[in-house]
Amino acid sequence: QETPKRGGVFTVHLGSEQRILNPALRASTGVYLITSKIMEALVDLDAKGNPAPVLATSWDAAPDGKTITFKLRQGVTWHDGKPFTSADVQYTALEMWKKHLNYGTQLQQYLEAVDTPDAHTAVFRYSRPMPLDLLLRALCDLGYIAPRHIFEGTNILENPANTAPIGTGPFKFVQYERGQFIIAERNPNYWRKEFPYLDRIVWRVITDKSAVAAALETGQIQLSSYNGLSLSDLDRLKGDERFEVSTRGIEANAFNNTLEFNTRRKELADVRVRRAIAHAIDVEFFIENFLYGQAKPATGPIPSSSPAFYPAGKPPYPFDKKKAEALLDEAGYKRGAGGTRFTLKIVPIMNGEDVPLLATFIQQSLGDVGIKVEIVQLDIAGALTTVYRDWNFDLATGWHQYRGDPAVSTTVWYRSGSPKGSPWTNQWGWQSDKVDQLIDQAASEIDPVKRKALYADWVTAVNEEIPVWMITERKFFAATSRQIQNHHNVPRWDSSDWHDTWIASS
Amino acid sequence: MSAILTIDSLTVALPPGADRPRALENVSLELHPNEILCVVGESGSGKSMTAGAILGLLPDGVQAIAGKILLEGQDLLTLDDAQMQQIRGARIGMIFQEPMTALNPLRTIGDQIGEMFETHTTLRSSEIRARVLDLLRDVHIPDPEAARRAYPHELSGGQRQRAMIAMALALEPRVLIADEPTTALDVTTQAQILKLIRELQQRKGTAVLFITHDFGVVAEIADRVAVMQKGLLVEEGPAIDVLNDPQHPYTRALIAAVPPLVPPPPQMTGSEIILRIEHVSKTYRKGGLLARHRRVTHAVKDANLVLPRGGTLGIVGESGSGKSTLARCMVRLLDPDQGSIRLGDTDLASLSRKEMRAATRRIQMVYQDPFASLNPRRKAGELVAQGPIIHGETRERALARAKELFALVGLDPDSTERYPHEFSGGQRQRIGLARALALGPEVLVADEPVSALDVSVQAQVLRLLADLRKRLGLSMVFITHDLRVAAQICDRIAVMKDGEVVEEGLTAEVFTAPRHPYTKALLASVPGRDWTPPVSPDAVLALADTREFAPQLL
Amino acid sequence: METVARLAKSPAAIVGLLLLFLVVAMALTAPLVFPRDPLGLAGRPLQWPFVNSRFWLGTDTTGRDIAAQIFHGARISLLIGIVATLLAITIGIVLGALAGYYGGLVDDVLMRITEAFQTLPNFLLLLVLVAVFGSDIKTVTIAIGLVSWPASARLTRAEFLTLRSREFVQASRTLGMRDVQIIFREILPNALPPVIVYASVIMATAILLESALAFLNLSDPNVPSWGNLIGTGRSVLRTQWYVSAIPGIVILLTVLAVSLVGQGLNDALNPRLKRR
Amino acid sequence: MRVLLLALRRLAASLPTLFVVLAGLFLLLQLAPGDTVDALVAQMGGGDPVMMEELRRYYGLDVSVAVQLGRYIWRLLQLDLGFSAIYGKPVSAVILERLPATLLLMMSALSFAFAGGMALGVLAARKVNRWPDTLISTLGLIFYATPSFWFGLMGIVIFAVNLGWLPAGSFEEIGAGYTGFRRALDIAWHLFLPTLTLALIFLATYLRIMRASMLEVLNLEFVRTARAKGLSPGRVVRRHVLRNALLPMVTLIGLQAGTMLGGSIVVESVFALPGLGRLAYESVVQRDLNTLLGIVFVSALLVIAVNFIVDLLYARLDPRIVT
Ligand SMILES: Nc1ncnc2c1ncn2[C@@H]1O[C@H](COP(=O)(O)OP(=O)(O)OP(=O)(O)O)[C@@H](O)[C@H]1O
Ligand SMILES: Nc1ncnc2c1ncn2[C@@H]1O[C@H](COP(=O)(O)OP(=O)(O)OP(=O)(O)O)[C@@H](O)[C@H]1O
Ligand SMILES: [Mg+2]
Ligand SMILES: [Mg+2]
């Protein structure tokens, strides 16, 4: 390995316009890709996937799991020169995470107070036990700290610092040209002395996927992550020497293709029909031919890339057309005139290129077993409302993103009682006391081993019932120019701070 | 005196599919310096083609295929385009009929006249400007300096035609061709333009080829006359001879069709008044909400007229004097602003739309344009039957009645199945008449019913009207701008000017002893007023032979 | 009849009719030539044309037969074109006729509405309509019709403005005809030819509008429309460009056919050109 | 001064129309499934209902439609276009950022279409029914029939991907930091293909109209007068026909201003240009009502302005028109 070289501009693809650049208010990869270089979280994951100190240097949980104490890093200053203290942590946690941050409000639901005995200690007090591993894993994404002195006393949501962020990170925000680019430059006063290596990072907004590959190939950008390239381009660029196309360093962001069943519909209320549908779809074929092999059949809602929770297993419903037909017959839905048993409406929730492909594939596959499927094309706002608020769907298909711990955003897909209108939660009219119990227990179980066991039970239970079918297990791909060094060396590298990234001269 | 322009056995071919194979057949003519040669003939006789052939400006597909056109000995038909360009404008000037459309609307008068010099001379622009002013002065345009900078739409029709003449004469060409230069103008303006052409021609010794269809104009201006019929030159000679002692039957027929200016002795009409118009006014308002942008035209101002039962009331006046507006008020195509229109004892002006629809059968209208007044998508018979059907007649009865009416107006009853475009102009006007008569109206309002027709056809239609009037006891309001026509057909005359009725009385009285100065001026402007066309009944019959009309009506 | 005869004389119109005939033939024979569901999985995705004899135009990103989609797509495009055009023209004619015939306040109000529609970029309105009412094929077709009428309304109005002062219309009134009769029986047949010619423009535009919608992923995915195919091909544009190219060419030819026929009609109906 | 007055008057006359458009659109969009918060949550990848309700309150979506409309109109009367939900900035600022690209694209496409259409139309009319006419008319028809986005895509495949002559998209080289002439050149290079794509269909229309208009004017009386004056054919066309034939073309510009804006939606999304069209598309998809209405407002103003300029131009060309 060469010795790192200082300087250079790193240009990164940004797939969509961001409304807000404050990760303490908005948890999304789009925001992390940019602002994680500017603002920092309390903790991050190290190369092995274990929580590593960033703004917090150490942590400690009380035996009852209700009090968690963070020691904070000293000598850190905000980009405007003010010192970083525990007051910032207190303010951000109570005013932002608990009140505004998506998933954060859920996670910090039982956070009662954050005590600040001194400037570099923050004590989180919960009304219910909070598993430390859950909190740490979640805080990588949901633990970004914002400067209290900028936000306090203002309307948080309208604060200009939301689009011109001020942080403690290795890069300072420079400019955001809507629809075009964002620029950040090296922070000379970064607390990791001598870091970062890069002079500048430029994020270029390219919303059209087919334009991304061209930009990459002509050197206009050097990185496109989170499947910013189309599947076909990813496949093609795999053979290109100039780039590394892989899932390395994005493992922490696994996702699934999903199929949601509205069990208010009488046919779908019958678990045999749901199973039959699952059996009717040739997942291997889909992966091979539509996804360029960039996936594997899922074994349940917890992906294999999450060893802390993953219960080994096989895909529960292998492709078996005969069995599907038999199940449907058994459920009493015989083929009628024209070979059709019944008709279902599927709503694709378009947050990925492959969603319409899968909708079409489902349409094709279910047609083969006598279920006619109509695709209801809606834009994403329309689709979310139709599925999650109006419940006006039979099937829906989209993505589920796993966020490091099932409790963060996965179990809500199964737990009953989510308020109507809340997207990506159980709105399928399906309920099981057993599953609800397992979810609640696991969420406040502080012993990691017991937690894992509880989740294994839970996976078995939901695989049995499939109110939602996690069809594939996928990882995001990134294409990175080989000029870039030290890239994807941690599990959520694209959302990390890039302090050690550098560019080799070509 | 040797001819300056000689046309020798000229034959012009029309493209296949035209109404006849040759536009001109073996035409020979001579034009001498310092004379005005009038070419007369009915529409389509080939007058314009003659002019076009001389200038080499025939329409696409039309071609001179035989003969010669010699300009001072040089055969124009053998010249190429570039050579012709040298001749056009410089040695042959040209004036067209429509002063509205013959000038480029987007360029100033001075610019367009100056272009003559730019094209054919090397004068500097200041000199050109001076020359243009001189020319405009020559044609007696008021305020030549302003006219030079004016756009065509800012001038009146007569002024525009003066500008055209100035342009045509700019380079003092030896030959001037004028293709119906006064047809689109009012009589008074026409008289002035004719005088102007005469004056300039005499001053400059120009040879003028003057195309017209109006024998009055011929009588007014011509030295010599050439008569054309369907592409053939049928008669040629000095004006006095041809006008007063025509030789060719066609010429005789044409001249016989020209109505004399002297009214016939008055007919007896009853004293009962069928239509009484009192204090009728109509104002057109146009334009935006802001007062400045509003355009107000007082088209009819306080008109008072009476029509005796069985009589014909003529309304004459220049273009824009409000004749049509008044006529439309009578049939309630327009709602008069005030006043009453009493038909018998009903006041039409106060009827509701629905009542008026019922009342339409008592008063009907005949229109000017034989092309526009018939719906091109309906069969002739249907057009005539429509009115009765609307008023409750059964379809069969109405169609049968239409056939009778066709016979009445001198059309073949079997032609009810044909479409309007399959009829000639005169025939169409008869269809329009039949349509109006189908409802059995008490009053017929005819708005310039013969203005669009050739003299010979015009004569027939007028005769038909007179005949019908006698047979059916019709009362009629007859609008015309042609005093000759008015003299022949009307019992009473009303003269309109700027929306006002300035004089009204028995035709004979108005014509012999006009009281209002405007009436006097109007009468003085009638072209060829001193010439009384020789009438010979056999000539009229001869003309009838050339037409396809039923002769029993003549 | 005369019109048809004249139409047959123009070479452009003949080419247009021929192309149109081909498209119609594709539409009619689609179920015979490709009896299977054109949206069904036919084989391995992204096979190049002329490689596999079963799919002589290849397969798209979801393994559907492109040729089958082209054939079945002809039905969709024609359907959208015809229905949207009829809708647009009907609205246009009624509003234009009323505005042109009555003038005054009616005209003012109707023209304000027309203007409102014209100030709004029609494609933007189409997007909104589809976002609001969803994108199944019926909605899309109606939406296209709804955004396409203003021009035909203006055209009809202009025709009515000139025709209503024609003497034959005045004659109808002096015969005692009612307004409705005058508008629809007397004036409309005479005002129709330019509107009919314009219909070809609307139809061409309608086909293009649908394809643009589909390209933005906003058309009905349950029908094999050509625009949808171009849209799917977009993600593989750099490698399997044929997926987008083939339907594009077909759209081009269809629209060309419609325009050629329209132009031929124009020449045939235009009296000024009759003599040539 | 007079022009300004005229412009103001014209604006005042169009206000009712504008008002109807905005209110109509506002109400129409209320019927759309989902609101901007749904779109926002979709972008974030999820969120909980408490936060969503809070955001709805924040965006003023928690009150009745009538109140929302009332508020919107009240703000509009104060010339305030409101706050953009997607961009978290005043709508006016967002639009102002995007306007230049669209204006540039529209203007270059318009000039190209107009100039090209005029030149080709004149050529075709002068060689009417001969081979140049046939060729030009055929090309025009083909241009007209080409779906613009498809032409753009194919242009990218050929010129950007295969030949590498032109950039595949975007407005300028980002981060290159060009200034002055170099930057103008860079933008021009980037806008070449988009301009062509957008202009194609208009070029075809202009060409057709120009040809027809030329033929029409060539048949008018005053052209015969000009020829009778001895002018050469070229001069007749230049001095008498052209200006008259241009009148319908100028009218067409006004009529098509709206259509062109619509077309730029597609073109901007093909070439990833940061313009109003794409912003409009995004704001529809993101249910960003304020931004969308703002765009409609601005584009309506643009259309009105173009029409006003067209009228002025018309009045200059045609002395018969009095403004
Ligand atoms: N462009 C043309 N193409 C074919 N035939 C034409 C054309 N113009 C005129 N004709 C025909 O040529 C013949 C002579 O027409 P011309 O215009 O010379 O008549 P005219 O005597 O001037 O009649 P008018 O008094 O109506 O002007 C007519 O039969 C007419 O139908
Ligand atoms: N529809 C209209 N709107 C506005 N002004 C009109 C309208 N019709 C006629 N005028 C104007 O009203 C005046 C009288 O017109 P009208 O048609 O009655 O005259 P006219 O005597 O019939 O003329 P002509 O002999 O040319 O037919 C003219 O100044 C004319 O410009
Ligand atoms: Mg003539
Ligand atoms: Mg009149």
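User: Which residues is Lys420(A) in contact with, leaving aside its neighbours within four places in sequence?
Analyst: Tyr388(A), Arg389(A), Trp391(A) and Gln427(A). Contact here means heavy atoms within 4.5 Å. This is a predicted model: local features need pLDDT of at least 70, side-chain atom pairs count only at pLDDT 80 or more, and totals for chains, interfaces and linings use all residues; side-chain values use heavy atoms, with hydrogens and water left out. Residues are numbered from 1 along each chain as its sequence is written, while chains are lettered from A and ligands numbered from 1 in the order in which they are written.

User: Where is Lys420(A) placed?
Analyst: In the loop between helix H14 (406–409) and helix H15 (433–444) of chain A. Helices (H or I, at least four residues) and strands (E, at least two) are DSSP runs, numbered from the N terminus.

User: How far apart are Lys420(A) and Tyr388(A)?
Analyst: In sequence, 32 residues. In space, 6.8 Å from C-alpha to C-alpha.

User: What does the side chain of Lys420(A) reach?
Analyst: The backbone oxygen of Arg389(A), at 3.5 Å. A polar contact is a pair of N or O atoms within 3.5 Å; within protein, one must be able to donate a hydrogen and the other to accept it, and residues adjacent in sequence count only if both atoms are side-chain atoms.

User: On to the chains. Which chains share the most contacts?
Analyst: Chains C and D, out of five pairs of chains in contact. Chain C puts in 45 residues and chain D 44 residues.

User: How much area do chain C and chain D bury?
Analyst: About 3,900 Å² between them, with 76% of it on carbon and sulfur atoms. Buried area is the accessible area (1.4 Å probe) that two parts lose on being put together, summed over both.

User: Which helices supply the side of chain C that touches chain D?
Analyst: Helix H4 (104–119), helix H5 (122–133), helix H8 (179–215) and helix H10 (242–269) of chain C each give at least two residues. H10(C) has the largest share, eleven residues.

User: And chain C with chain A, how many residues are in contact?
Analyst: 23 residues of chain C and 24 residues of chain A. They bury about 1,900 Å², and carbon and sulfur atoms give 53% of that. Leu41(C), Asn222(C) and Arg238(C) supply 28% of the area that chain C buries against chain A, more than any other three residues.

User: How many residue pairs are in polar contact across the interface of chain C and chain A?
Analyst: Six, both residues at pLDDT 80 or more. The salt bridge count between chain C and chain A is zero.

User: What about chain A and chain B, how far apart are their closest C-alpha atoms?
Analyst: 45 Å, and no contact joins the two chains.

User: Switching to chain D. What does the domain assignment give?
Analyst: Domain 1 (9–90) and domain 2 (98–322). Such bounds come from an automatic or database domain assignment. The contact takes 25 residues from domain 1 of chain D and 22 residues from domain 2 of chain D. Their C-alpha centres lie 33 Å apart.

User: What do domain 1 of chain D and domain 2 of chain D bury between them?
Analyst: About 2,100 Å², 69% of it on carbon and sulfur atoms. Four residue pairs are in polar contact, both at pLDDT 80 or more. On the domain 1 side, H1(D) gives the most, with ten residues.

User: Where is confidence lowest in chain D?
Analyst: In helix H2 (residues 36–44) of chain D, at a mean of 76. Helix H5 (residues 91–126) of chain D is highest, at 90. These are pLDDT values, the predictor's confidence in each residue, from 0 to 100. Chain D averages 84, and 96% of the residues score at least 70. The complex gets an ipTM of 0.79 and a pTM of 0.82.

User: Which residues of chain D does UniProt list for "transmembrane region"?
Analyst: The unreviewed entry has 101–123, 135–161, 187–207, 245–272 and 292–314. UniProt positions are given in the numbering used here, feature names are shortened, and annotations may be inferred rather than shown by experiment. In the model, residues 292–314 of chain D are 100% helix and 0% strand, with end C-alpha atoms 32 Å apart.

Key: A salt bridge is a side-chain nitrogen of Lys or Arg within 4 Å of a carboxyl oxygen of Asp or Glu.
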